[in-house]
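Colleague: Before I rely on this model, I would ask you for a close look at one part of it. Please begin with a single side chain and then set it in its surroundings.

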Amino acid sequence: MAAMDLFGRRWALRILWELRAGPLGARTLLARCEGLSSSVLYQRLRELTSNGIIAPAADGYELTPLGASLGHALRPLDEWAIAWAQAQDARPEQTD
């Protein structure tokens, strides 16, 4: 349950998703996560770092090997989300 608590926090999965291709700095993460405040970003970075999911890097933050392995678990969720979005687009509009 601790993992669900950590990853269920707002913006945690989005930050991990953005880091999947390589290290990013805080400014880049803020730009990619529209609506994310700097205080929440730094709080999530601290939490993810203290749990061994990400680590500071020369270019900002990067996934640890443990964090990178999480990407394998997120890919099916991403594929499901794409299929769900396509199904939503295909639904006829409902009028009230």
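Modeller: Glu18 counts as buried because its relative accessibility is 11%; buried means under 20% relative accessible area, exposed over 50% and partly exposed in between, with a 1.4 Å probe and protein chains only. The model is a predicted one, in which local features need pLDDT of at least 70 and side-chain atom pairs count only at pLDDT 80 or more, while totals for chains, interfaces and linings use all residues. Residues are numbered from 1 along each chain as its sequence is written, and side-chain values use heavy atoms, with hydrogens and water left out.

Glu18 belongs to helix H2; helices (H or I, at least four residues) and strands (E, at least two) are DSSP runs numbered from the N terminus. If neighbours within four places in sequence are set aside, Glu18 is in contact with Leu24, Leu29, Arg32 and Cys33, where contact means heavy atoms within 4.5 Å.

Helix H2 (12-18) also takes part in the largest pocket: H2, strand E2 (60-63) and H5 each supply at least two residues of its lining. A pocket is defined on a 1 Å grid over the protein atoms alone, as an open set of points with protein on both sides within 12 Å along at least five of seven lines; lining residues have an atom within 4 Å of a point. The space in the largest pocket amounts to about 200 Å³, a volume being the space filled by probe spheres set on grid points that are joined across faces, edges and corners. Its lining comprises 14 residues, and Leu19, Arg20, Leu63, Ala68 and Gly71 lie nearest the centre. H5 provides the largest share of this lining, 6 residues. By type, the lining holds 8 nonpolar, 3 polar and 3 charged residues; Ala, Val, Leu, Ile, Met, Phe, Trp, Tyr, Cys and Pro count as nonpolar, Asp, Glu, Lys and Arg as charged, and the others, Gly among them, as polar.

Trp11 is buried, because its relative accessible area is 16%, and it has a positive phi of about 80° although it is not a glycine.

A further glutamate deserves mention. Glu47, placed in helix H4 (residues 38-50), counts as buried because its relative accessibility is 15%. Not counting residues up to four places away in sequence, Glu47 touches Leu6 and Arg9.

As for the whole, the protein has 5 helices and 2 strands, which run α-α-α-α-β-β-α from the N terminus on. Of its 96 residues, 30% count as buried. Its pLDDT (the predictor's confidence in each residue, from 0 to 100) averages 92, and 96% of the residues score at least 70. Confidence is lowest in helix H1 (residues 2-7), at a mean of 87, and highest in E2, at 98.

How values were computed: 1 Å grid on protein atoms, 1.4 Å probe; cavity = no way out; pocket = protein on both sides within 12 Å on 5 of 7 lines; lining within 4 Å.
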